[in-house]
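These are my notebook entries on a structure that I am reading for the first time. I put down what I looked up, entry by entry.

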Amino acid sequence: MVKIEVVDIEKPEGVECIIGQGNFSIFTIDDLARALLTTVPGIKFGIAMNEAKPQLTRYTGNDKELEELAAKNAVKIGAGHVFVILMRNAFPINVLNTVKNHPAVAMVYGASENPMQVIVAETELGRSVLGIVDGKAANKIETEEQKKERRELVEKIGYTID
């Protein structure tokens, strides 16, 4: 028997979130924290990771509010070796390669500032993340004016396309 649950990620407006899965959480949690600190100067973050044995959530960071929220969200997800990173003063694009390239990280499910939900399956053994809902569904194609505005914004924040 499998039970499916939707877990809403709790975070303040403007806070970026990365959810992934790895292993060896006793080591990985602090290692990812050091990696975040050295990737983006001024980053504020909280990171939490569920450990399958001894069935607890480890957490750390440099922002108490984000640490507590990351831990709260990780516990709600409840799946072993899942991690939640909440951050300010950085975008996922700034840290994703650093996170994904850590030897203990198996995958990243999602990374966004949008409202997020985690689809979780529960069996007799435990819980597993099936996927992430990242914001609302697209319902139209951008206009030429919207494309122009997008490119202007991208250039304004330092990324150019052509």
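**Loop between S3 and S4.** I began with Pro54, which I found in the loop between S3 and S4; helices (H or I, at least four residues) and strands (E, at least two) are DSSP runs, numbered from the N terminus. The peptide bond that leads from Lys53 to Pro54 is cis, with omega near 15°. Gln55 has its place in the loop between S3 and S4 as well, and its phi is near 55°, a positive value in a residue other than glycine. I noted both because most residues other than glycine have a negative phi, and most peptide bonds are trans. Gln55 counts as exposed because its relative accessibility is 74%, where buried means under 20% relative accessible area, exposed over 50%, and partly exposed in between (1.4 Å probe, protein chains only).

**How the model is to be read.** The model is predicted, so I kept in mind that local features need pLDDT of at least 70 and that side-chain atom pairs count only at pLDDT 80 or more, while totals for chains, interfaces and linings use all residues. Residues are numbered from 1 along each chain as its sequence is written, and side-chain values use heavy atoms, with hydrogens and water left out.

**Asn89.** I then looked up Asn89, which lies in the loop between strand S5 (82-88) and helix H3 (92-100). Its phi is near 65°, again a positive value in a residue other than glycine, and Asn89 is exposed, with a relative accessible area of 55%.

**Helix H2.** At the N-terminal end, Asp63 caps H2, with a side-chain oxygen 3.2 Å from the backbone nitrogen of Glu65. H2 is followed by Gly78, whose phi is positive, near 75°. Among the buried residues of H2 I listed Leu66, Leu69, Ala70 and Ile77, and also Glu67 and Asn73.

**Strand S7.** In strand S7 (residues 116-122) I looked up Gln117, which counts as partly exposed because its relative accessibility is 29%. Leaving aside neighbours within four places in sequence, Gln117 is in contact (heavy atoms within 4.5 Å) with Val6, Val7, Asp8, Gly131, Ile132 and Val133. The C-alpha atoms of Gln117 and Ile132 are separated by 5.8 Å, although the two residues are 15 residues apart along the chain.

Val120 has its place in strand S7 too, and at 1% relative accessibility Val120 counts as buried. Not counting residues up to four places away in sequence, Val120 touches Lys3, Ile4, Glu5, Val7, Ile77, Arg127 and Ser128. Val120 and Lys76 are 44 residues apart in sequence and 9.9 Å apart in space, C-alpha to C-alpha.

Last, I asked how the residues of the lining of the largest pocket divide, and found 6 nonpolar, 8 polar and 2 charged. Here Ala, Val, Leu, Ile, Met, Phe, Trp, Tyr, Cys and Pro count as nonpolar, Asp, Glu, Lys and Arg as charged, and the others, Gly among them, as polar.

Technical notes: Polar contact = N/O pair within 3.5 Å; in protein donor to acceptor, adjacent residues only side chain to side chain.
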